[in-house]
Amino acid sequence: MSRSAREGGSEELVRGGGAARLLWGGRAADMATPGSPVLPVAVLVLLLCGAPWTHGRRSDVRVITDENWRELLEGEWMIEFFAPWCPACQNLQPEWESFAEWGEDLEVNVAKVDVTEQPGLSGRFIITALPTVYHCKDGEFRRYQGPRTKKDFINFISEKEWKSIEPISSWFGPGSVLMSSMSALFQLSMWIRTCHNYFIEDLGLPVWGSYTVFALATLLSGLLLGLCMIFVADSLFPSRRRRPQPFPSKKSLPESSQPLKKVEKEHEADEEASEEEAESKEGTNKDFAQNAIRQRSVGPSLATDKS
């Protein structure tokens with residue numbers, strides 16, 4: 001394109017009011033025509049400057065993990081448990097993000113938990129369906145089971161509808177010993193799954209080889225656990241052979257047992273007397289028998305002498 005043509009085109013743009021004017025050195029200068037490289041560069045700069053404001057806005061939803069889940073025990077929270085592959089969770093995300101924008105006005109913290117990355121929290125809160133929403137107020141957890149729209153979430157907090165829901169028992173609370181054990185079991189299962197994938201994909205072991213490794217590990221861990229339990233039991237409750245014999249000690253009987261003791265002594269004395277009588281009777285019987293034998297032996301001898 002010739003210079004005159006470019007000038008004519010620029011004049012038309014100026015007359016039409018479509019040309020932008022820039023201040024440079026105190027003078028107004030017309031922006032270059034579309035054929036000049038200055039316009040695309042300016043447009044690119046404007047797009048780059050406006051992109052963070054349009055697409056890079058920080059989300060108001062907080063992410064909860066195994067490391068920071070105890071923050072839920074203080075203040076008021078609304079927590080969503082989701083999985084990226086869940087269609088219902090994907091449909092809930094826009095509503096949840098919009099509800100999180102009202103969190104500061106409602107004085108409530110809005111958070112989410114990815115159960116695929118945090119299996120321990122899935123076991124700690126007993127997540128059996130997705131998505132699952134919990135409300136927490138100063139350590140008391142309640143499961144939200146109402147409609148899942150932005151308006152319903154806002155009314156649930158602003159009108160304090162959560163007061164009509166019975167809180168979860170402390171036995172099944174996320175901080176209890178029972179739920180901590182469940183969390184450990186879920187983490188162990190995820191660790192076993194990770195090891196199984198490592199054996200098959202990285203090391204190239206067959207499936208039966210991975211199962212054999214886990215079977216041997218289970219047997220060894222069971223043997224070690226049994227030995228530890230036996231050692232602890234033997235230390236706390238030693239056998240009778242090794243138990244030291246206590247020294248006999250004469251303790252004075254209480255006054256209430258004195259009559260009983262007298263009765264026992266009298267009974268023992270009667271038994272001894274009866275035994276002595278029996279022995280004396282046996283002695284007399286023996287003497288009588290010996291005397292009879294002697295008399296019989298003496299009788300014939302006397303008869304011979306008389307004859």
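Predicted model: local features only at pLDDT ≥ 70, side-chain atom pairs only at ≥ 80, totals over all residues.

Visitor: Where does G75 lie, and is G75 buried or exposed, or in between?

Guide: G75 lies in the loop between strand 3 (62-63) and strand 4; helices (H or I, at least four residues) and strands (E, at least two) are DSSP runs, numbered from the N terminus. G75 counts as partly exposed because its relative accessibility is 29%. Buried means under 20% relative accessible area, exposed over 50%, and partly exposed in between (1.4 Å probe, protein chains only). G75 and C136 are 61 residues apart in sequence, while their C-alpha atoms are 7.8 Å apart in space.

Visitor: How is a salt bridge defined, and how many does the rule give?

Guide: A salt bridge is a side-chain nitrogen of Lys or Arg within 4 Å of a carboxyl oxygen of Asp or Glu. By this rule the count is three.

Visitor: Which side chain does E76 meet in a salt bridge?

Guide: E76 pairs with K137, at an N to O distance of 3.9 Å. E76 lies in strand 4 (residues 76-82) and K137 in strand 6, so the pair ties together parts that are 61 residues apart in sequence. E76 is buried, with a relative accessible area of 11%, whereas K137 is partly exposed at 27%.

Visitor: Which residues form the other salt bridges?

Guide: E71 and R62 meet through their side chains at 2.8 Å, N to O. E71 counts as partly exposed at 33% relative accessibility, and R62 counts as partly exposed at 37%. R142 forms a salt bridge with E140, the closest N and O atoms being 3.3 Å apart. Here R142 counts as buried, at 6% relative accessibility, and E140 as partly exposed, at 41%.

Visitor: Where does R143 lie, and how far is R143 from E166?

Guide: R143 lies in strand 7 (residues 140-144). R143 counts as partly exposed because its relative accessibility is 28%. R143 and E166 are 23 residues apart in sequence and 8.8 Å apart in space, C-alpha to C-alpha.

Visitor: How does one describe the packing of two helices?

Guide: Two packed helices are described by the angle between their axes and the distance between the axes. The axes of helix 3 (residues 87-100) and helix 6 (residues 150-158) come within 9 Å and cross at roughly 40°. Axes are lines fitted to C-alpha atoms, for helices over the stretch in contact, and angles run from 0 to 180 degrees between N-to-C directions.

Visitor: Which orientation class does the angle between helix 3 and helix 6 give, and what is the handedness of the crossing?

Guide: Helix 3 and helix 6 are therefore oblique to each other. Angles under 35 degrees count as roughly parallel, over 145 as roughly antiparallel, 65 to 115 as roughly perpendicular and the rest as oblique. The crossing of helix 3 and helix 6 is right-handed, that is, the near helix is turned clockwise from the far one by less than a right angle.

Visitor: Which peptide bond is cis?

Guide: The bond from L130 to P131 is cis, with omega near -10°. P131 lies in the loop between helix 5 and strand 6 and counts as buried, at 4% relative accessibility. The C-alpha atoms of P131 and R148 are 10.0 Å apart, for residues 17 apart in sequence.

Visitor: Where is I126 found, and which residues form a nonpolar surface patch with I126?

Guide: I126 is found in the loop between helix 5 (119-124) and strand 6 (132-137), and I126 counts as partly exposed at 37% relative accessibility. I126, I168, W171, F172 and L178 form the patch, with about 520 Å² of accessible area together. Patches are made of residues with over 30% relative accessible area and no salt bridge: like charges are joined within 9 Å, nonpolar side chains (Val, Leu, Ile, Met, Phe, Trp, Tyr) within 5 Å. Accessible areas come from the Shrake-Rupley method with a 1.4 Å probe; for residues, only the protein chains shown count as cover.

Technical notes
Residues numbered from 1 in each chain as written. Heavy atoms only, no water.
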